[in-house]
Amino acid sequence: MINLNRLSMFVAVVDAGSFTAAADALGTTKAVVSFNVKQLEQELGVALLTRSTRRLALTEAGEGFYGDCARLLRDADAAVDQARSGQLTLSGSLRVTASVDYGNRIVAPALAAFARQHPALRVSYQAGSAHADLIGERLDVAIRVGALADSTYRATPIGEFKLLLVASPALLAEQGTPRSLAALAAMPWLANRPGRSDQWRLMDSKGREHTLRVSPVAHADTASALLAFAEGGCGVAALPDWLVEEPLARGALQRVMPSYALPPQPVYAVYADTRHVSAKVRRFIDFLRTGT
């Protein structure tokens, strides 16, 4: 029977990019890791890695085997966690990814609080993996904002937030404060990606829906960059309430036509569709949902 420790070492080498880095991550020596990977190749009868003085690469057989190993190790970890789920203490590792702005502002502090509650748990946070391969990168859970693309992963809704229309006082003084949707549409706008943010759905105070077509004058790929553009007077932006609370309080931004509301933005926890969902993933998702 194949030794799971050898599978784990093989995956660690691929993830780390070298035998030395894998040994450091595993807390062992390069010689031990190299020996076990060589033994694994001998037991399988195929080469998994090509080695040179400059680089390490997967063979064709190694690429497929790596994905299978990552899934197998994840299932093994989940099965162990499931068996221990009745215990209060969480241990092992919890690897979380999220978009840059929401992750740094909301997810990372929550993960820190969760880690303080479970000191035996090693946590790791990765920002900016919009399309991370959870299994291939051995990530336990991804926090995603907005509509989800179809995938083989499971998703659990954990909350939502509001988008607020905001602009700087200087821009409103220069352009005039809009009092109608036509005037609002004529304002310079900011968008998070070219060709995808030129149309907005707004709901008025009577529950009627309106479509607003705008012409963005600037684009940025993060909400924090759009915030900087908005504070600099470049245009009107639709930004998350958790991001603009402070600049609104100090007067760097003002709400624009606050009687109109944008659709709320859902937040999801996304994780691998395995037979067993680990206790650490389930409890972290519950922690994000409830704060306790």
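Ala, Val, Leu, Ile, Met, Phe, Trp, Tyr, Cys and Pro are counted as nonpolar, Asp, Glu, Lys and Arg as charged, and the others, Gly among them, as polar. By this scheme, the lining of the second largest pocket in the predicted model comprises nine nonpolar, six polar and nine charged residues.

Several elements of secondary structure each supply at least two lining residues: the helices α1 (4–16), α2 (19–26) and α4 (60–83), and the strands β3 (92–98) and β4 (121–127). The greatest contribution to the lining is that of α4, with five residues.

The protein chain as a whole contains ten helices and 14 strands. Its radius of gyration is 24 Å, whereas the globule rule gives 19 Å for 292 residues; the former is well over the latter, and the chain is therefore more spread out than a compact globule. Along the principal axes, the C-alpha trace spans about 75 × 45 × 30 Å.

Of the 292 residues of the chain, 41% are classed as buried. With regard to contacts between residues at least 6 apart in sequence, 71% join residues that are at least 24 apart.

Key: Residues numbered from 1 in each chain as written. Predicted model: local features only at pLDDT ≥ 70, side-chain atom pairs only at ≥ 80, totals over all residues. Heavy atoms only, no water. Helix = DSSP H or I, 4+ residues; strand = E, 2+ residues; numbered from the N terminus. Rg over C-alpha atoms; globule rule 2.2 N^0.38 Å. Buried < 20%, exposed > 50% of the residue type's maximum accessible area, 1.4 Å probe, protein only. Contact = heavy atoms within 4.5 Å.
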